[in-house]
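Please look over the sequence and the structure first.

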Amino acid sequence: AAPFGVVLFPSISYGPKPRHLMDIYVPADVYQQLPQQQQQQQPGHDQQQQRQQCRDTPKAPVVFFCHGGIWATGDRWHFGPMATRLAQEGVIVVVIAYTLYPEVLAGEMAGEVLGALLYTINNIHMYGGDNKNITVMGHSAGGHLGALALMMLAQHRCQQQQRWQQRLRGLPCIQVADPSSSSNSQIQQQQR
């Protein structure tokens, strides 16, 4: 039986540094729906097989939470009661830690938060979570870092799209006109 109706996966590592840790709070009913092998394994073990098993399992929404503390203090355990309460309502909660000032500055902290978010997107299925339904939240400095991480992700995706558009420029493309239109019934080759 899960205390308070929540299964806790503590201290999951998302990166190489000592504070690159996350706690994952899973509603007990979501945990019970996971395949038996998945309940016992951690991410990284035969992920292809686990992803196949997860496809038919209903997915729970996810809250990705960054602790606050003026960029220099705080830890993930401070938000255990909040995470437990959200998990009791059917939400999987990921509470992360990140390296603090003065060891790193805010830009690097945001990069670490982005790393944790990407890890969550790629692995939350292991815990019954929906990687297409993740809400990023944070307290104080954690809210700031979560917002920066999302902007970094958006910027990266825009840059990728621009690189693809540049690669496609100049390539020949065949355009087929709408066959229902009498004036556009021919196939044209155009240069982009």
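The text below goes from the whole chain to its sheet, then to single residues.

This is a predicted model, in which local features need pLDDT of at least 70 and side-chain atom pairs count only at pLDDT 80 or more, while totals for chains, interfaces and linings use all residues. Residues are numbered from 1 along each chain as its sequence is written, and side-chain values use heavy atoms, with hydrogens and water left out.

**The chain**

The chain has six helices and seven strands; helices (H or I, at least four residues) and strands (E, at least two) are DSSP runs, numbered from the N terminus. Their order from the N terminus is β-β-α-α-α-β-α-β-α-β-α-β-β. Of the 192 residues, 39% are buried, where buried means under 20% relative accessible area, exposed over 50%, and partly exposed in between (1.4 Å probe, protein chains only). Among contacts with a separation of 6 or more, 66% join residues 24 or more positions apart; contact means heavy atoms within 4.5 Å.

An open sheet is formed by five strands in the order 1-2-4-3-5, with mixed pairing; two strands pair if DSSP finds at least two bridges between them. Strand 1 (6–13) and strand 5 (129–138) stand at the edges with a single partner strand each, so one side of each has no neighbour in the sheet. Strand 2 (residues 21–27) and strand 4 (residues 92–96) pair in the antiparallel sense over four bridges. I24 has V94 in strand 4 as its bridge partner.

Two helices pack on this sheet, as the table shows. Angles run from 0 to 180 degrees between N-to-C directions, and axes are lines fitted to C-alpha atoms, for helices over the stretch in contact.

| Helix | Strands touched | Angle of directions |
|---|---|---|
| Helix 5 (residues 106–123) | strand 1, strand 2, strand 3, strand 4 and strand 5 | about 165° with strand 3 |
| Helix 6 (residues 141–168) | strand 3 and strand 5 | about 135° with strand 5 |

**Two residues**

Is T84 buried or exposed? T84, which lies in helix 4, is buried, with a relative accessible area of 19%. Apart from neighbours within four places in sequence, T84 is in contact with F4, V6 and Y25.

I70 lies in the loop between strand 3 (60–66) and helix 4 (80–88). I70 is exposed, with a relative accessible area of 59%.
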